[in-house]
Amino acid sequence: MTLEAFGAPPDSVLCVRVTAEAARRFLVARHALAPARSLNGGPDAVLEVFRRLGSVQFDPLAIAGRNHDLVLHARVADYDPAWCDLLYERREIFEAYNKGLSLVPTADLPYFRIPWDVERRRLEGTTFDEHSPLVEELLERIRTTGPMSSTDVEPRAAIAWYWRPTNQVRAILEALAQAGILGLARREGNRRVYDLVERLFPASLLDRRPTEHEQLTHKVLSRYRAHGMLSQAGSGEVWLGTGTTP
């Protein structure tokens with residue numbers, strides 16, 4: 001499939017034969033890796049990386065460092081992980097699924113609505129109905145007392161949840177976030193603290209409703225831009241999650 005199939009203008013797809021050496025030089029420059037750590041400007045330079053790459057895979061587990069910190073450290077001069085955390089706190093980046101869990105510029109939020117809408121339709125006929133008293137209790141507590149994590153509420157009985165039985169409170173908070181009703185206000189270590197999305201993001205952004213076609217087109221084109229150079233067919237991961245929704 002070509003990008004024209006997603007409505008992109010024909011001149012947005014350019015196939016050029018280049019040497020392997022030229023491709024290598026182009027890609028390291030396109031990904032701000034030549035020279036290393038050449039972007040200056042503190043948090044603004046970090047945000048520039050997100051704009052250039054579209055998204056950066058996020059993993060809160062730190063083995064040799066958190067994945068996004070390693071990506072940013074290779075590109076931003078004197079990188080400090082606190083800069084990325086600051087952008088998160090200022091809502092200039094947020095967590096979304098883009099092939100995998102990623103950090104994405106908040107300006108792109110309207111183009112990541114499909115997963116929220118799909119999950120909300122699915123959960124409203126299943127999990128939200130089955131656990132409606134707890135759904136209402138948690139939402140009311142957040143409305144009245146502010147951001148909350150699963151440890152702020154007395155644990156309830158475990159329920160079947162993805163890979164293993166999980167505390168009902170944690171599962172319902174996760175479900176409300178998957179449906180776009182709640183969002184992440186912050187992380188405290190690996191603990192997620194939730195708040196209502198309307199308190200996290202401006203109404204002008206939440207009210208924007210690109211069509212499904214526009215959202216999928218944006219996702220595919222952003223992945224092409226992030227790679228910098230691909231064959232016309234791309235790679236398998238470029239197309240992941242870009243099919244029509246049920």
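**Helix, pocket and strands**

Author: This is a predicted model. The elements that cover the buried residues of α2 include β1 (56–57), α3 (67–73), α4 (81–89), β2, β3 and α11.

Reader: Which residues of helix α2 are buried?

Author: In α2, which spans residues 43–53, the buried residues are Pro43, Ala45, Val46, Leu47, Val49, Phe50 and Leu53.

Reader: Changing topic: what volume does the largest pocket have?

Author: Its volume is about 1,100 Å³. The lining of this largest pocket counts 37 residues, and those closest to the centre are Ala96, Tyr97, Leu101, Ala177 and Gln178.

Reader: Which elements give two or more residues to that lining?

Author: They are β2 (93–98), β3 (100–105), α5 (113–124), α8 (168–178), β6 (182–188), β7 (191–196) and α11 (212–227). The largest share comes from β2, with six residues.

Reader: How do the residues of the pocket lining divide into nonpolar, polar and charged?

Author: The lining of the largest pocket has 20 nonpolar residues, seven polar and ten charged.

Reader: Let us stay with β2. How many of its six residues are buried?

Author: Five of the six are buried, so β2 is largely enclosed by the rest of the structure.

Reader: How many bridges join β2 to β3, and do they run parallel or antiparallel?

Author: There are six bridges between β2 and β3, and the two strands run antiparallel.

Reader: What lies between the two strands?

Author: β2 and β3 form a hairpin with one residue between them, and Lys99 in the turn has a positive phi of about 75°.

Reader: Now the aromatic residues, please. How many aromatic pairs are there?

Author: The count is five aromatic pairs.

Reader: Why does Phe94 count as buried?

Author: Phe94 counts as buried because its relative accessibility is 7%, and the cut-off for buried is under 20%. Phe112 is also buried, with a relative accessible area of 6%.

Reader: Which pair is stacked, then?

Author: Tyr162 and Trp163 form a stacked pair, 6.5 Å centre to centre with 25° between the planes.

Reader: Which residues form an aromatic cluster?

Author: Phe94, Phe112 and Phe201 form one aromatic cluster.

Reader: One last topic. How many cavities of 30 Å³ or more does a search of the whole structure find?

Author: The search finds one. The largest cavity holds about 30 Å³ of space.

Reader: Which residues line the largest cavity?

Author: The lining consists of His31, Ala32, Leu39, Glu48, Val49, Arg52, Leu53 and Arg75. These divide into four nonpolar, one polar and three charged residues. Val49 and Leu53 in this lining are also among the buried residues of α2.

Note on methods: Residues are numbered from 1 along each chain as its sequence is written. This is a predicted model: local features need pLDDT of at least 70, side-chain atom pairs count only at pLDDT 80 or more; totals for chains, interfaces and linings use all residues. Side-chain values use heavy atoms; hydrogens and water are left out. On a 1 Å grid over the protein atoms alone, a cavity is a set of points where a 1.4 Å probe fits but cannot get out, and a pocket is an open set with protein on both sides within 12 Å along at least five of seven lines; lining residues have an atom within 4 Å of a point. Grid points are joined across faces, edges and corners, and a volume is the space filled by probe spheres set on the points. Helices (H or I, at least four residues) and strands (E, at least two) are DSSP runs, numbered from the N terminus. Ala, Val, Leu, Ile, Met, Phe, Trp, Tyr, Cys and Pro count as nonpolar, Asp, Glu, Lys and Arg as charged, and the others, Gly among them, as polar. Buried means under 20% relative accessible area, exposed over 50%, partly exposed in between (1.4 Å probe, protein chains only). Contact means heavy atoms within 4.5 Å. Rings of Phe, Tyr and Trp (its six-membered ring) pair if their centres lie within 6.5 Å; planes under 30 degrees apart count as stacked, over 60 as edge-to-face and the rest as tilted. Two strands pair if DSSP finds at least two bridges between them.
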